[in-house]
Amino acid sequence: MREKMKTNKILSRIFVFLILFLFSGSAIFAAGDSDQVLNIVVKIMTYLTLVMVAFVLWLALVYSEKEDSAGEAFKKAVRRFLYAINPMPPLDREEDIMLDHDYDGIKELDNIVPPWFNFLFYGSAIFGVIYLLNFHVIDDTWSSANEYATEMEAARIQREVLVKSGVFINENSVELLTDAATLNAGKEIYVKNCVSCHGQNGEGLVGPNMTDEYWVHGGGIKNVFKTIKYGVTSKGMIAWETQLNPKQMQSVANYILSLQGTNPPNAKAPEGEKWIDPATTGKTEL
């Protein structure tokens, strides 16, 4: 019997230690890098599993005693644990800690500060000192200023990648470009997708002639880009935004504009209205 009681006492202490370690460990892990969240969750679940295993083993030992079918050993350990974290005297002993103060019939008890409160208070102070030294004195890598600078640099790199991919290009931001790389890329797209309707040299077949000054849906880089992007379904031209990315549409629009004035043979008669560059009139293109 004495050996079993001793075992129960040891297991109860292990149980209390695991609970305290679980909460203190969670606070330490919370200070880690956000990329380690999954690792933290795994550790916490491991601690919870250990706690539950210890608890089940302890209950098995308690209820294996024939003389304790009512679970008094379990209840006694729980009472011990509760008293350890909050040692309040029983009601019949309150007179022993009663102070002489009397405020309108209200008397004061001289209760001690609960150990759990001291644990949190001093633990927070110790953790604060360690955190201060570690993150602001010894190594300031994860200071707020450095985190901000790191995130801003990552955002700048991400923006550069997006700009290069052309994700910000639309009918309002598209630019008139004349460099060889853009025109060659546009020509490749044109030959692959546009020749059947507009001719090998832009002279026009089913679609209109794109080498003269007349445009059905407006000339200039913005209007041409818009026409390519949204298509003209009534005339059988699909919306190319589902087939080409913004940078590709910008390239082919610039290539089409480079065909202006080339006067290819067998050019189709002009259609639409003569386009006047808004830069010469002071008006906006769209």
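Colleague: Which residue of β2 stands opposite D102?
Modeller: D102 faces K107 there. This is a predicted model, in which local features need pLDDT of at least 70 and side-chain atom pairs count only at pLDDT 80 or more, while totals for chains, interfaces and linings use all residues. Residues are numbered from 1 along each chain as its sequence is written, and side-chain values use heavy atoms, with hydrogens and water left out.

Colleague: Why is M98 called partly exposed?
Modeller: Buried means under 20% relative accessible area, exposed over 50%, and partly exposed in between (1.4 Å probe, protein chains only). M98 has 26%, which puts M98 in the middle class. M98 is in strand β1, and its C-alpha atom is 4.7 Å from that of L109, eleven residues away along the chain.

Colleague: How do you know that α6 is roughly perpendicular to α9?
Modeller: The axes of α6 (residues 180-193) and α9 (residues 246-258) cross at roughly 95 degrees and come within 7 Å. That angle makes α6 roughly perpendicular to α9. The classes are under 35 degrees for roughly parallel, over 145 for roughly antiparallel, 65 to 115 for roughly perpendicular, and oblique for the rest. Axes are lines fitted to C-alpha atoms, for helices over the stretch in contact, and angles run from 0 to 180 degrees between N-to-C directions.

Colleague: Which residues of α6 and α9 meet?
Modeller: Among them are T182, L183 and I189 in α6, and S251, V252 and Y255 in α9. Contact means heavy atoms within 4.5 Å. The residues of this contact comprise seven nonpolar, six polar and one charged.

Colleague: What makes helix α8 largely enclosed by the rest of the structure?
Modeller: Eight of the eleven residues of α8 (residues 220-230) are buried, so the description applies. F225 and I228 are among them. The cover over the buried residues includes β3 (214-215) and α9. After α8 comes G231, with a positive phi near 70 degrees.

Colleague: Why is N263 called exposed?
Modeller: N263 has a relative accessible area of 63%, so N263 is in the exposed class. N263 is in the loop between α9 and β4 (273-274) and has a positive phi near 50 degrees. N266 lies in the loop between α9 and β4, is exposed at 72%, and has a positive phi near 60 degrees. Most residues other than glycine have a negative phi.

Colleague: Where does pLDDT stay under 50?
Modeller: That is residues 26-32, for which the model has eight contacts beyond four places in sequence. pLDDT is the predictor's confidence in each residue, from 0 to 100. Where pLDDT is low, the predicted coordinates should not be read in detail. Over the protein chain the mean is 80, and 78% of residues reach 70 or more.

Terms used. Two strands pair if DSSP finds at least two bridges between them. Helices (H or I, at least four residues) and strands (E, at least two) are DSSP runs, numbered from the N terminus. Ala, Val, Leu, Ile, Met, Phe, Trp, Tyr, Cys and Pro count as nonpolar, Asp, Glu, Lys and Arg as charged, and the others, Gly among them, as polar.
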